[in-house]
Amino acid sequence: MRKLLRMFAPPPAGLHKTVSHIAQEINACIGCNECLLACPALSEPITIDVLNHATVHGPITESVAHFARSCYQCGACVPPCPVGLHRDAMMLWLKIRLLQE
Ligand code: SF4
Ligand code: SF4
């Protein structure tokens, strides 16, 4: 199933989304966890709440930082989202936050 999702994944999001776009997407997230279930790079459990909180403003835990560094922008997390959000773009912002710190 994951292989199939990866085959139909859209191109990875670029930096065309501003931080306010990302914040809007995080506010719209219903926390269903489908994006993380589809992710081939997640190696240890992370809750969506912690991930979302870290993406724009919150503290970045070691496990979230590890996940952000592991994300390779494959886009497999996007098709499963029931509300059309772009976890890949959110992860890109998290990577930027890591670089800024
Ligand atoms: S873009 Fe990143 S978070 Fe999304 S599925 Fe790929 S590796 Fe996982
Ligand atoms: S799949 Fe979409 S709604 Fe569900 S947790 Fe991920 S981003 Fe949020």
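Helices H2 and H4 are roughly antiparallel to each other in this model, which is predicted. H4 also meets helix H6, and their axes come within 8 Å. H4 and H6 are in turn among the elements that cover the buried residues of helix H5.

**H2 against H4**
- H2 spans residues 19-28 and packs against H4 at an angle of about 165 degrees. Their axes are 10 Å apart.
- An angle over 145 degrees counts as roughly antiparallel, so that is the term for H2 and H4.
- H2 passes H4 in a left-handed crossing.
- H2 brings Val19, Ile22, Ala23 and Ile26 to the contact. H4 brings Asn52, Thr55 and Val56.
- By class, five residues of this contact are nonpolar, two are polar and none is charged.

**H4 against H6**
- The axes of H4 and H6 cross at roughly 55 degrees. That makes H4 oblique to H6.
- H4 passes H6 in a left-handed crossing.
- Ala54, Thr55 and Val56 of H4 touch Met90, Trp93 and Leu94 of H6.
- The contact of H4 with H6 has five nonpolar residues, one polar residue and no charged ones.

**H5 and its two sides**
- H5 runs over residues 62-70, and Val64, Phe67 and Ala68 in it are buried.
- These three cover an arc of only 100 degrees around the axis, so they sit on the same side of H5.
- Glu62 and Arg69, on the other side of H5, are exposed.
- The cover over the buried residues of H5 includes H4 (48-56) and H6 (87-100).

Note on methods. Residues numbered from 1 in each chain as written. Chains lettered and ligands numbered in written order. Predicted model: local features only at pLDDT ≥ 70, side-chain atom pairs only at ≥ 80, totals over all residues. Buried ≥ 20, exposed ≤ 12 C-beta atoms within 10 Å, placed from the backbone. Helix = DSSP H or I, 4+ residues; strand = E, 2+ residues; numbered from the N terminus. Arc of directions from axis to C-beta. Contact = placed C-beta atoms within 7 Å. Axes fitted to C-alpha atoms, helices over the stretch in contact; angles between N-to-C directions. Parallel < 35°, antiparallel > 145°, perpendicular 65-115°, else oblique. Left-handed = near helix turned anticlockwise from the far one by under 90°. Nonpolar A, V, L, I, M, F, W, Y, C, P; charged D, E, K, R; others polar.
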